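Hi everyone, thanks for coming. I'd like to walk you through one structure today, so let me put it on the screen.

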Amino acid sequence: MSKGEDQGRNSGSAVRRGMDDLVVDTTAISWVDGEGGNLYYRGISIGELAAHASFEETAYLLLCGTLPTASQLEAFTWKLRALAFTPEKVLRILQELPRTTQPLAALQTALAALSCVDPGERYSKEESLLEKAMRIVAQTPVLLGAAYRHHRGVPIVAPRNDLNHAENFMYMLTGRIPSKRQARVMELALILQMDHGFNSSTFTARAVASTLTNMYAATSAAVGALSGPLHGGASEAVVDMLEEAESSGDVEAYTIGLLASGGKIMGMGHRVYRNIDPRARIFENMLHDISTEEEEEADDDLKALKRIESVATKYFADRGKPIFVNVDFWSGAVYRKLGIQKILYPAIFAAARIAGWTAHILELRQDNRLYRPKSKYIGDLDVPYVPLEERT
């Protein structure tokens, strides 16, 4: 053992790669009950919120700590609409990006750009922290709508004052006012993915915000974390898998072959849940509800996914390693039913999670402490410097 190895490992601290089971802070925003398969926002189960709440109610709950009264909800809703105005300079930046740019990359760029055009970007000036959070929540769907339409080569659509948050998001994506059913499906998708404990992007938002940087920088960094395929890209990959399974002509044989070859069933398994992801069943019901007898493609998607789930669940159970579907298993098929292209699926995740990220930043700011974890050094020490002319 070298001197570096001896001194580098003498701290006595156990290394938890990936911070598994490491508690780094407290939060009252959401709790993921991995063993029981439950998710709570401010103590309210996700099932209750999905059954009864609107996007605006749920966002208020996360940002302000309680469900709003009727007058509070009305004021919050109108404030979101007023704050949705996005500077033309930022929209022009999006239009200058290559059309092949991923919407998440465009959103990360745009959030950073907003800090340059917002004269009150420092926490202590111009606006309250809550107003800053609401501004970011309100403008995120505008930015994503602009990025998506730029990718498709069609004109950008501005938000309307007579539409709610989910309706406006759909309108800015498609250029058409959605039906009530379509808007509710998108609203549920946003509610279900608003927050989820200290996942990678949320931890990133808190870590960056702990330096007392502005909220745009912290949320932009969170988008960067979400853009990784291990975090925000699974719904897109599930639809790729679904298309391959359907084109094979035999979904069951395809699934068995994929498992036998060591392939991964996208949308199955979760770092926290040891049971079915509670959001997954709600998404499954959404896909079922928006399928009709006249729309056989949606029915085929539902049947194919259920067959993949059945075969894979049995396969893992037979090997003593039960694995269940997560939220991404069904969400992509739901978005496809809404007519949205796959390139936007991870970005819808961001449109939802932006409320959670800003809520965590607000919570952290109440008693801020700089995040500064330790690492364990495993390299050598006292390595001599070799002059350039002597190196080989």
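Predicted model: local features only at pLDDT ≥ 70, side-chain atom pairs only at ≥ 80, totals over all residues.

**Cysteines, core and pocket**

Let's start with Cys116, which is exposed, with a relative accessible area of 66%; exposed here means over 50%, buried under 20%, and partly exposed in between, using a 1.4 Å probe and protein chains only. Cys64 is partly exposed, at 32%.

Residues are numbered from 1 along each chain as its sequence is written, and side-chain values use heavy atoms, with hydrogens and water left out.

Now to the inside. The largest nonpolar core has 114 residues; by that I mean buried Ala, Val, Leu, Ile, Met, Phe, Trp, Tyr and Cys residues joined through side-chain atoms within 4.5 Å. Its members touching the most others include Leu143, Phe283, Trp330 and Ile340. Helix α17, residues 345–365, provides the largest share of this core, 14 residues. Helices are DSSP runs of H or I, at least four residues, and strands are runs of E, at least two, numbered from the N terminus.

Take Ile340: leaving aside residues up to four places away in sequence, Ile340 touches Tyr148, Met170, Leu173, Met186, Tyr335, Tyr345 and Ile348. A contact means heavy atoms within 4.5 Å.

Beyond its sequence neighbours up to four places away, Glu187 touches Ser54, Phe55, Glu56 and Ala166.

On to the largest pocket, lined by 44 residues. On a 1 Å grid over the protein atoms alone, a pocket is an open set of points where a 1.4 Å probe fits, with protein on both sides within 12 Å along at least five of seven lines, and lining residues have an atom within 4 Å of a point. Phe198, Asn199, His270, Arg271 and Val272 lie nearest its centre. Strand β1 (30–33) gives the most to the lining, three residues, and α10 (200–209) and α17 each supply at least two.

Finally, α10 itself: seven of its 10 residues are buried, and these pack against α11 (215–226) and α17.
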